[in-house]
Amino acid sequence: ALESPYRAILNDVEAPLQQGMSDQTLARFKSKEIAVEAGPMGQSSVHDEARTPLIISGPAEKATDLYYKMAEIAKKLERGLPAEPGVRKEPTGDYTVEEKNRSVHLTLQGIAKAEKLLGIEGLFSPENMELAHMLIQAIRAKELYHRDRDYIVQDGQVIIVDEFTGRLMPGRRYGEGLHQAIEAKEGVRIERENQTLATITYQNFFRLYEKRAGMTGTAKTEEKEFQEIYGMDVVVVPTNRPVVRKDFPDVVYRTEKGKFYAVVEEIAEKYERGQPVLVGTISIEKSERLSQMLKEPRLYLPRLEMRLELFKKASQKQQGPEWERLRKLLERPAQLKDEDLAPFEGLIPPKGNLRTAWEGLKRAVHTLAVLRQGIPHQVLNAKHHAREAEIVAQAGRSKTVTIATNMAGRGTDIKLGGNPEY
C-alpha cells in the first residue's frame, strides 16, 4: 500500500536500523543491492517464509491479568462440530475450530456460557469487544497452538519454534494478544504487549532490490515461483562427480502408528548393519515420540502381536505335529527369539501369503530383540539447540542414530565416519 515501502520503513526507523548496521551494509541497503546466502536458509527467507511479515514494533499498554481469567474460561468451554455445508443444522458445542485457517468461532451456546462466566451481557457489544477478542485468542491458544510443536516453554518464557526450520526464535512474539494468551495457558509470567509500527513481507522487501542472486541446493523444484515472484531464472550447476545417492519412491502408510513402527524397524536394521541413520521429523513432539519408542521396547509389542495375528490367520489351515509345536511356541510372543523360529523355517513355503506373514513375524521378533539390547541415539530439535553442532558433527559415525526436526541450514556438514577434529 505504500508507494515505496522500504523508504517508508527506513525513514520511520532509520536511527534504530543504523545502530545495528555497518556503513557498508547501510549503503548497500540504500542502493538496493542484495545477494542471498548460499544454502537452505537463504531459500527459507526468499521462498519458504516469503509471506511472513517483518514487523517493527514498539511497546503498547501493559499486559493485563485478564488473560489468566480467559485461559480458565477457555478450559471450561467445550469444542463442538461445525454445521455441515448445505444442511440446516446448528453447530454443536461452545465453539468450533477451523484448523486450516487457524480460527475459532463461538456458537450461541458458547456465547451465553461465556457471558455467564464473565458476568456480563452482550459479549460482542462495543464495550466488551476487547474481552471477546481476548477470549477468542485464549481458545485459539488452547486448540491450535501446541507446546513442543509450535512453541516451547524455557526458563519461564514461551519461545516460538520456527515452522520451517524447527529452530527456536527467542525474542519473536505472536501478535494481537495471542502470545499473552499462550503465556496464560502455560501459567508463566505475561509479558507486555507490542503494537505494530511498520510491516513488510520478505517477498516485497526483496523485490525492492534491483539486483538479486543466490545459490541453494533446493531451488529447482520451486523454479516457477522464483520466476513469478522475483522474475529470476534458476540455473542448475552440474555436479563435479556423478550422483551416487539412490532416491527411493515414497512409502505411504494407512495409519501414523504403522508408519512409526516401520521407521523403528528400519532404524534397527540399519543400526545393526553399522550404517549411520538420520531421521527427519516434522515437530519436536514427533521426534520425542520416536525417541521414546527406541528407548522402551514395550511400545513395539503391539506391532509384534499384530504380525503374529496375521501369521495365525495365514496358517490356520496348516496341520501336523510340527505346526502344533509352532502354535504352542507362539502363545507367548513377548518371549520369542530368533533362534526359536529358526527350526520351523522348512515348514513355510518359499512364496505366497504364508511366507510374507512369516517374514513379517521374523522381522518383528528380531526388531524387538535389537530394541531390548538398546539403540543409542541423539535427538536434535529446538529443545536441544545448544548441543546442535556437537550432535551434527558426529552424526556420520558408524551405528550413530540421529533424530532431527526439520532444521535447514545448520551450517555443518555430516561427514561419514564422524568428525575427528571436533
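## Terms and basis of the model

A residue is called buried when its relative accessible area is under 20%, exposed when that area is over 50%, and partly exposed in between, as judged with a 1.4 Å probe on protein chains only. The structure is a predicted model, in which local features need pLDDT of at least 70 and side-chain atom pairs count only at pLDDT 80 or more, while totals for chains, interfaces and linings use all residues. Residues are numbered from 1 along each chain as its sequence is written, and side-chain values use heavy atoms, with hydrogens and water left out.

## Salt bridges

With a salt bridge taken as a side-chain nitrogen of Lys or Arg within 4 Å of a carboxyl oxygen of Asp or Glu, the count comes to 26 salt bridges. One of these joins the side chains of Arg 147 and Glu 186, at 3.0 Å from N to O. This pair links distant parts of the chain, 39 residues apart, with Arg 147 in the loop between α7 (129-143) and β5 (151-154) and Glu 186 in helix α8 (residues 178-186); helices (H or I, at least four residues) and strands (E, at least two) are DSSP runs, numbered from the N terminus. Glu 186 counts as partly exposed because its relative accessibility is 22%, and Arg 147, at 43%, is also partly exposed.

A salt bridge also connects Asp 150 and Arg 149, again at 3.0 Å from N to O. Here Asp 150 is buried at 9% relative accessibility, whereas Arg 149 is partly exposed at 33%.

Glu 269 forms a salt bridge with Arg 363, the closest N and O atoms being 3.1 Å apart. The two residues come from distant parts of the chain, Glu 269 from helix α11 (residues 256-273) and Arg 363 from helix α16, 94 residues apart. Both belong to a network of salt bridges that links Glu 265, Glu 269, Arg 273, Arg 303, Arg 307 and Arg 363.

Helix α16 spans residues 353-373 and includes Arg 355, which counts as buried because its relative accessibility is 15%. Apart from neighbours within four places in sequence, Arg 355 is in contact with Glu 345, Ile 348, Pro 349, Pro 350 and Lys 362, contact meaning heavy atoms within 4.5 Å.

Rings of Phe, Tyr and Trp (its six-membered ring) pair if their centres lie within 6.5 Å, and planes under 30 degrees apart count as stacked, over 60 as edge-to-face and the rest as tilted. The whole structure holds 8 aromatic pairs. In one of them, Phe 226 and Tyr 230 have ring centres 6.3 Å apart and planes at 35°, so the pair is tilted; these two residues are 4 residues apart in helix α10 (residues 223-230), about one helical turn, and both are buried. Phe 311 and Trp 358 form a tilted pair too, 5.3 Å centre to centre with 50° between the planes. That pair links distant parts of the chain, with Phe 311 in helix α13 (residues 301-314) and Trp 358 in helix α16, 47 residues apart, and each of the two is buried.

## An open sheet

Three strands form an open sheet in the order β5-β6-β7 with antiparallel pairing, where two strands pair if DSSP finds at least two bridges between them. The edge strands, β5 and β7 (168-169), each pair on one side only. Strand β5 is joined to strand β6 (residues 157-161) by 4 bridges, and Tyr 151 stands opposite Ile 160 in β6.
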